[in-house]
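Subject: Structure for your review

Dear colleague,

I am handing over the structure below, together with an account of what was found in it. Please read the notes with the model open beside them.

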Amino acid sequence: MINFGYKINKDRQIDYDKNDHRLAEYIKKYEASYKLCISCGACTATCSTANLTDFYNIRRLNLFLLRGEIGEIRKHINKCMYCGKCELVCPRNVNTRKVLLLMKEGINKIMQNEQF
């Protein structure tokens, strides 16, 4: 067999139907302001943790939440210092600190197989 130097990359498609959307529904249920988020990135721009770490990004956590990728959120949610700067700069008045707390709480419930 001749090697031409090519390789097959891993498929990067996201199957929304297979992902777990319970966490997003949980947050929408207990924090109505979350529905107003437009993912502008103002929260990430002022985030102390985002400025001190490589990967932490509230906007990215929101994207993972909407995609239903709870495993990715679980890796990084504990880095938040809950300082509230994100909440102060939000142009839509989303209570981002409560959203982040609900993410953490919801992930713990999912890990313990509790009902929402």
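This is a predicted model: local features need pLDDT of at least 70, side-chain atom pairs count only at pLDDT 80 or more; totals for chains, interfaces and linings use all residues.

Helix α4, which runs over residues 58-67, has among its residues Ile58, Leu61, Asn62, Phe64 and Leu65 as buried positions. As for what covers the buried residues of α4, the list includes α1, α2, α5 (70-76), α6 and α7.

At its start, a side-chain oxygen of Asn57 comes to within 2.9 Å of the backbone nitrogen of Arg59, and after its end comes Gly68, with a positive phi near 85 degrees.

The other helix to examine is α7, which has 16 residues and spans 22 Å from its first C-alpha to its last, close to the 22 Å expected at 1.5 Å a residue. Its buried residues are Thr96, Val99, Leu100, Leu102, Met103, Gly106, Ile107 and Ile110. Viewed down the axis of α7, these residues fall within an arc of 160 degrees, so they line one face of the helix. They pack against α1, α4, α5 and α6, and the helix is followed by Asn113, whose phi is positive, near 55 degrees.

Which residues have the most contacts inside the largest nonpolar core? That core has 26 residues, and the ones in question are Leu23, Ile27, Tyr56, Leu65, Ile73, Leu100 and Met103. The elements that contribute two or more residues to the core are α1, α4, α5 and α7, and of these α7 gives the most, with 6 residues. Leu65, which is one of the buried residues of α4, touches Leu23, Ala24, Ile27, Tyr34, Ile73 and Met103, when residues up to four places away in sequence are not counted. In general terms, nonpolar side chains in soluble globular proteins tend to be buried together.

Turning to charged pairs, the count comes to 5 salt bridges, of which I describe some here. One of them joins Glu31 to Lys98, with the closest N and O atoms 3.5 Å apart. Because Glu31 lies in the loop between α1 (22-30) and α2 (42-46) while Lys98 belongs to helix α7 (residues 96-111), this pair ties together parts that are 67 residues apart in sequence. Are the two partners buried or exposed, or something in between? Glu31 counts as buried, at 10% relative accessibility, whereas Lys98, at 34%, counts as partly exposed.

A further salt bridge is formed by Arg97 and Glu87, whose closest N and O atoms are 3.7 Å apart. Here Arg97 lies in helix α7 and Glu87 in helix α6 (residues 85-89), so the pair ties together parts that are 10 residues apart in sequence. Arg97 is partly exposed at 33% relative accessibility, and Glu87 is partly exposed as well, with a relative accessible area of 28%. Finally, the side chains of Arg67 and Glu69 meet in a salt bridge at 3.6 Å, N to O, and Arg67 is partly exposed, with a relative accessible area of 22%.

With best regards

Note on methods
Residues are numbered from 1 along each chain as its sequence is written. Side-chain values use heavy atoms; hydrogens and water are left out. A salt bridge is a side-chain nitrogen of Lys or Arg within 4 Å of a carboxyl oxygen of Asp or Glu. Helices (H or I, at least four residues) and strands (E, at least two) are DSSP runs, numbered from the N terminus. Buried means under 20% relative accessible area, exposed over 50%, partly exposed in between (1.4 Å probe, protein chains only). Contact means heavy atoms within 4.5 Å. A polar contact is a pair of N or O atoms within 3.5 Å; within protein, one must be able to donate a hydrogen and the other to accept it, and residues adjacent in sequence count only if both atoms are side-chain atoms. The expected span of a helix is 1.5 Å times one less than its number of residues. The arc is that of the directions from the helix axis to the C-beta atoms. A nonpolar core is a set of buried Ala, Val, Leu, Ile, Met, Phe, Trp, Tyr and Cys residues joined through side-chain atoms within 4.5 Å.
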